Amino acid sequence: MIKGHVPADKVGEILDRLSKDQDFREHFIGDPAGALKEHGIEVDPAKVPDVRKLPSKDQIAVIRDQAANIPN
């Protein structure tokens, strides 16, 4: 689905926005490929599920914090 490698700092940046920015969350739900492309991540839109749901902002913040503690 994702073309190439996504650096850990980029993943953290996206998770941070998903945990804090309601406009970005709405954009991500409506057009995940477009939202990720803004961050330099290419996704095949044909592989994106038609039905999408995000965890709550708080749940994403926990995931972001856990991911920050994973060694590279």
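Guide: The axes of H1 and H2 approach within 6 Å and cross at roughly 110 degrees. Axes are lines fitted to C-alpha atoms, for helices over the stretch in contact, with angles from 0 to 180 degrees between N-to-C directions. Helices (H or I, at least four residues) and strands (E, at least two) are DSSP runs numbered from the N terminus. The model is predicted: local features need pLDDT of at least 70 and side-chain atom pairs count only at pLDDT 80 or more, while totals for chains, interfaces and linings use all residues. Residues are numbered from 1 along each chain as its sequence is written, and side-chain values use heavy atoms, with hydrogens and water left out.

H1 and H2 are therefore roughly perpendicular to each other (65 to 115 degrees; under 35 is roughly parallel, over 145 roughly antiparallel, the rest oblique). Ile 14, Arg 17, Leu 18 and Lys 20 of H1 meet Gln 22, Phe 24, Arg 25 and Phe 28 of H2, contact meaning heavy atoms within 4.5 Å. These residues divide into 4 nonpolar, 1 polar and 3 charged (Ala, Val, Leu, Ile, Met, Phe, Trp, Tyr, Cys and Pro are nonpolar; Asp, Glu, Lys and Arg charged; the others, Gly among them, polar).

With helix H4 (residues 57–68), the axis of H1 (residues 8–20) comes within 7 Å, at a crossing of roughly 155 degrees. H1 and H4 are therefore roughly antiparallel to each other. On the H1 side the contact involves Gly 12, Leu 15, Asp 16, Leu 18, Ser 19 and Lys 20, and on the H4 side Lys 57, Ile 60, Ala 61, Ile 63 and Arg 64. By class, this contact has 5 nonpolar, 2 polar and 4 charged residues.

Because they are 3 residues apart in helix H1, Glu 13 and Lys 10 are separated by about one helical turn. By this rule, the salt bridges number 5.

As to confidence, the chain has a mean pLDDT of 89, with 93% of its residues at 70 or more; pLDDT is the predictor's confidence in each residue, from 0 to 100.

How values were computed. A salt bridge is a side-chain nitrogen of Lys or Arg within 4 Å of a carboxyl oxygen of Asp or Glu.
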